[in-house]
Amino acid sequence: MSEGKNVLLVGVGGQGILLASEVISQAAMNDGFDVKKSEIHGMAQRGGVVSSHVRYAERVYSPLIMKGTADVLVSFEKAEAYRWLEYLKPGGMIVTNTTEIIPPVLNVLGKEYPHDILDRMKKQGLKVVVVDASDAAEKLGNPRAMNMVLLGAISDLLGFTAETWHSALNMRVPKKHLDLNLKAFEEGRKLAKAS
Amino acid sequence: MEKLFLSGNEAIARGIWEAGVHVATAYPGTPSTEILEAVRFYKEIYCEWSSNEKVAVEVAQGASMAGARSFAAMKHVGVNVAMDPLSTFSYTGVNGGFVFVSADEPGMHSSQNEQDNRYLAKFMLIPLIEPADSAEAKAMAIMGFDISEMFCTPVMLRTTTRVSHSKGIVEAGERKEHDVKGFEHDWTKWVVIPANARKRRTVILNRLKQLEEYSNECPLNYIDPGSGSDAKIGIIASSIAYAYAKDVFPDASYLKLGFTNPLPFKLIAEFAKTVDQLIVLEELEPFMQEQLLAAGFKVLGKEIFPREGEILPEILLDSLKKAAKSSLIAIPADHPIHKAEAEVIKPTDFDLPRPPTLCPGCPHRASYYSLRKYKPIVTGDIGCYTLGVLPPLSMMDTCICMGASVTNAVGAFKGLHGTDKVEPVVATIGDSTFIHSGITGLVDAVYNQANLTVIIMDNGTTAMTGGQQHPAMGKSIRNEPAPKLILEDLCRSVGVRRVTVVDPYDFEALDKVIAEEIKADEPSVIITRRECVLDRLRFGPKVVPYIVDQDKCVGCKKCIGLGCPAIVTVDVTVNGKKKVKSKIVEFLCTGCSLCAQICPVSAISIKEESK
Ligand SMILES: Cc1ncc(C[n+]2csc(CCOP(=O)(O)OP(=O)(O)O)c2C)c(N)n1
């Protein structure tokens with residue numbers, strides 16, 4: 001058994017975060033880990049902030065990642081990683097999509113979207129892997145497979161074998177989308193390696 | 001044994017199925033809703049969305065009288081609604097076992113208060129069990145029925161949001177059938193005329209004594225000894241706080257309590273002997289701490305941990321560190337917890353709000369937009385339509401609890417009546433909320449002749465909690481056809497003479513009705529009927545978005561005043577001059593046409609037409 005991990009997935013509603021965190025949990029279960037996962041839904045419906053905590057180790061008690069202890073922070077939207085930086089452990093890895101989802105209220109409130117957020121993160125010396133996941137998914141024919149591209153991109157960081165990942169995907173992704181999702185996953189792996 | 005990965009709520013559903021439950025009821029409410037949503041896949045269980053929590057408990061109570069194992073689920077404030085049948089259920093006791101879930105919400109993620117329902121179990125003199133994760137949730141759901149039947153009592157199974165909504169590994173078991181015993185014809189037990197109830201009161205006080213004994217032996221309460229020097233610190237913990245603590249402070253000694261009313265005082269005394277210091281760790285109120293202090297134990301609790309919100313892992317850690325620094329607790333200076341979390345990155349240069357808003361195309365929007373013109377007092381209620389309070393609509397004055405919109409309006413009318421401060425009064429209430437507890441208020445308004453206008457926002461679903469079925473939908477919890485409650489007939493039958501049904505997507509018609517009914521001299525009801533936009537997007541025809549013709553737009557920002565997330569402003573340059581104009585974000589637009597209808601210069605039109 002490899003080491004356990006704390007993985008925090010963040011983004012906005014409707015980005016497929018929950019399926020991605022289900023697949024990670026399944027992979028961890030397949031490898032014999034204890035797993036806990038937590039997310040807040042409720043008021044955070046469409047367009048709201050979404051986060052999903054996944055923790056696996058030999059024995060896990062708390063379903064929540066403590067601030068300062070996330071090994072990997074995966075952001076499905078360009079700026080959202082920044083909101084959750086407090087959760088990252090020192091030296092932890094950020095993997096982020098480049099899609100910007102601009103909240104319409106900014107207009108009403110007269111605020112600006114932080115387009116330069118990736119530079120800001122890099123300037124602070126954070127380890128950031130940037131993946132054009134939405135772009136890659138679109139090229140594969142379905143922008144919704146973006147979540148699987150990101151999953152592929154973090155796959156090497158989580159310590160599971162390719163076999164474990166594939167069986168988890170098989171178990172969790174609806175059959176009719178499996179082919180596309182597997183392709184998207186592989187594409188994510190490649191993109192992360194290249195970056 | 002098959003391993004399942006279940007949320008606390010799904011685990012409870014699985015548990016009651018394995019426990020042989022026959023009847024399960026609920027009214028939706030975060031964070032409890034998913035329990036019945038999962039129960040409905042177990043065909044052996046009759047389940048229903050009840051019209052409110054009191055109804056849910058009484059239906060389950062009837063099933064218990066009939067000798068069936070029965071169950072009800074609700075959010076914490078739902079228990080308030082059900083307190084009447086519940087508190088006397090304690091007196092009668094059960095025939096078939098009865099367990100109900102109170103899903104509490106430390107942190108108020110989507111609730112109106114943070115009440116701690118453990119006090120209600122104590123108040124009702126009934127057992128209280130509290131799981132810390134999904135595996136325990138399933139086990140305790142099953143055990144709850146054994147306790148219920150063993151001691152002839154209703155049992156409260158209390159979760160919190162984190163227990164209900166976090167997932168963990170659960171071992172699947174089989175269903176154990178419990179044959180329905182048949183109706184218990186015992187009027188000395190079930191008819192609580194004073195002569196009987198007095199006798200029952202003695203019975204339940206004896207029961208409480210037995211439960212106290214049981215609490216000490218119950219396997220849900222156990223000592224989990226620590227190691228090293230930390231073992232001298234003894235933490236008494238229950239629910240999710242135990243899980244956080246085990247990760248943050250793993251070597252302390254724990255008294256893990258799953259059965260928390262009545263408390264196991266003997267076991268606590270035994271535990272106290274093994275440690276130098278006793279700490280009570282509990283979210284919200286000092287429920288256990290107060291009782292322990294009263295019993296003479298020297299314990300710390302709320303001196304260390306916050307009483308409001310959740311005690312999240314980092315808050316727990318911080319609290320312990322602070323308590324150690326101020327010498328409240330003895331943790332040596334070289335202890336690793338002092339180093340943990342030292343290097344957290346706290347960005348201060350980030351300001352990207354994503355607040356909840358009415359969805360693009362939400363049928364609730366138009367009513368508030370129209371009400372802005374007339375500026376009546378608006379007593380609101382609980383549901384998606386509560387978001388009408390937020391700017392730019394800003395059209396709600398009050399929101400207290402389910403159903404209060406109608407009755408608060410009656411009172412506001414009566415309070416102002418005959419003074420020089422009279423204002424028109426409008427109540428806004430959703431269809432599900434109206435059925436839950438608006439009907440009796442409307443009866444009151446008619447009977448007592450309060451001149452108010454009730455707008456029933458009928459989007460054909462219980463949207464706020466994720467779209468559950470209700471009696472005015474013509475569908476059961478399992479989506480089977482069901483008799484449909486006709487809201488307008490109901491309103492007429494209670495004596496409202498002015499009842500209008502209007503399509504909120506037709507702004508002119510809606511606005512006219514609102515203007516007229518506010519002026520009317522008697523109680524009136526407007527039913528705004530249009531399906532929830534999320535249902536339309538899921539099941540309706542393909543959406544054709546609207547677009548703004550920038551040449552026609554004069555930048556008056558009327559459409560921005562709708563607060564639709566799909567409408568934004570853009571800076572454009574016309575003849576060298578900077579102007580602000582509106583623009584529709586096409587992929588967000590659901591084609592409701594409201595903005596097009598209110599645009600004074602007809603600059604907004606459906607996309608295909610403009611091509
Ligand atoms: C006593 C009580 N039970 C349940 C809830 C949870 N709850 C809040 S709003 C709501 C339903 C709202 O549905 P509806 O009135 O149809 O309005 P919609 O959200 O569809 O606009 C529920 C069940 C609550 N707040 N209080």
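I started with domains: domain 1 (3–217) and domain 3 (365–539) of chain B each give at least three residues to the shell around the ligand. The domain bounds come from an automatic or database domain assignment.

Before going on, I noted that this is a predicted model, where local features need pLDDT of at least 70, side-chain atom pairs count only at pLDDT 80 or more, and totals for chains, interfaces and linings use all residues. Residues are numbered from 1 along each chain as its sequence is written, chains are lettered from A and ligands numbered from 1 in the order in which they are written, and side-chain values use heavy atoms, with hydrogens and water left out.

**The shell.** I found 26 residues surrounding the ligand, taking a residue as near if one of its heavy atoms lies within 4 Å. The closest are B:Glu53, B:His364, B:Asp431, B:Thr433 and B:Ala463. By class, I listed ten nonpolar, 13 polar and three charged residues; Asp, Glu, Lys and Arg count as charged, and Gly is among the polar ones.

Which helix gives the most to the shell? It is H16(B), with four residues. Helix H4 (76–92) and helix H16 (431–447) of chain B each supply at least two; helices here are DSSP runs (H or I, at least four residues), and strands are runs of E with at least two.

**Polar contacts.** I looked for pairs of N or O atoms within 3.5 Å. The side chain of B:Asn459 has an N or O atom 2.9 Å from a ligand oxygen. For B:Thr461, a backbone N or O atom lies 3.0 Å from an oxygen atom of the ligand. A polar backbone atom of B:Met464 is 2.9 Å from a ligand oxygen. The protein covers 98% of the 580 Å² of accessible area that the ligand has on its own (Shrake-Rupley method, 1.4 Å probe).

**Backbone.** I then checked peptide bonds. B:Asn261 to B:Pro262 is cis, with omega near -5 degrees, and B:Pro262 lies in the loop between strand E12 (259–261) and helix H11 (265–274) of chain B. Another cis bond joins B:Pro391 and B:Pro392, with omega about 5 degrees.

Note on methods: A polar contact is a pair of N or O atoms within 3.5 Å; within protein, one must be able to donate a hydrogen and the other to accept it, and residues adjacent in sequence count only if both atoms are side-chain atoms.
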